[in-house]
Amino acid sequence: MSETIINALVELTMSVVFLLISTVVIPTVFAWLKSKTENEKMKAVIGDIEKTAQTSVDMIEQTMVKQFKADGEWDIKTQKQVLEAAVSEVVENLTASTVKYLQSENTNIRDIATRYIESYIASKKLPELTLIEE
């Protein structure tokens, strides 16, 4: 009789443990893994956009901007033309996985490229900070 009670308690305990694992632990682990994966995807997308914007701006600066300035044609019209060329350059050179991710999030790729380009240009104009030793 006591062996039957012990077996029933063991089965009940195991059932409760398995229930907790299947309803609490496993979903929590899956949610954590999913968020980790999404964060890694987002980091890769941001890194791709940043690097592509930087290299595109640097390339266009050495070609179009330099030439417009040398010809004395650097004005608001040519600045807009250069920005449009930079945006096109970024959009054309993003990785397929970045484009796919941005499209899945309904993100306007040209708008985000413009923001990263303008941000990079602004950061290039900031004076470098130097530490003053006392």
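Predicted model: local features only at pLDDT ≥ 70, side-chain atom pairs only at ≥ 80, totals over all residues.

Colleague: Which residues is Thr52 in contact with, leaving aside neighbours within four places in sequence?

Modeller: Leaving aside neighbours within four places in sequence, the residues in contact with Thr52 are Val90, Asn93 and Leu94.

Colleague: How far apart in space are Thr55 and Val90, C-alpha to C-alpha?

Modeller: Thr55 is also in helix H1, and Thr55 counts as partly exposed at 43% relative accessibility. Along the sequence, Thr55 and Val90 are 35 residues apart. In space, C-alpha to C-alpha, the separation of Thr55 and Val90 is 8.6 Å.

Colleague: What separates the C-alpha atoms of Ser119 and Gln54?

Modeller: Ser119 lies in helix H4 and counts as partly exposed, at 45% relative accessibility. Ser119 and Gln54 are 65 residues apart along the chain. Their C-alpha atoms are separated by 9.7 Å.

Colleague: What share of the contacts in the protein with a separation of 6 or more comes from residues 24 or more positions apart?

Modeller: The secondary structure comes to four helices and zero strands, and the elements run α-α-α-α from the N terminus on. For contacts with a separation of 6 or more, the share from residues 24 or more positions apart is 66%.

Colleague: Where does Asn106 lie, and what is its phi?

Modeller: Asn106 lies in the loop between helix H3 (96-104) and H4. Exposed means over 50% relative accessible area, so Asn106, at 73%, counts as exposed. Asn106 is a residue other than glycine with a positive phi, near 55°.

Colleague: What percentage of the residues of the protein count as buried?

Modeller: The accessible surface comes to about 10400 Å², and 61% of this surface belongs to carbon and sulfur atoms. Of the 134 residues of the protein, the part that counts as buried is 18%.

Colleague: Which helices each supply at least two residues of the lining of the largest pocket?

Modeller: About 460 Å³ of space lies in the largest pocket. The lining has 15 residues, with Val65, Trp74, Val82, Ile121 and Lys125 nearest the centre of the pocket. The helices that each supply at least two lining residues are H1 (2-70), H2 (76-93) and H4 (109-125).

Colleague: How many residues of that lining are nonpolar, polar and charged?

Modeller: The largest pocket is lined by 15 residues. By type, the residues of the lining divide into nine nonpolar, one polar and five charged.

Technical notes. Residues numbered from 1 in each chain as written. Heavy atoms only, no water. 1 Å grid on protein atoms, 1.4 Å probe; cavity = no way out; pocket = protein on both sides within 12 Å on 5 of 7 lines; lining within 4 Å. Points joined across faces, edges and corners; volume = space filled by probe spheres on them. Nonpolar A, V, L, I, M, F, W, Y, C, P; charged D, E, K, R; others polar. Buried < 20%, exposed > 50% of the residue type's maximum accessible area, 1.4 Å probe, protein only. Contact = heavy atoms within 4.5 Å. Areas by Shrake-Rupley, 256 points an atom, 1.4 Å probe, with all protein chains shown as cover.
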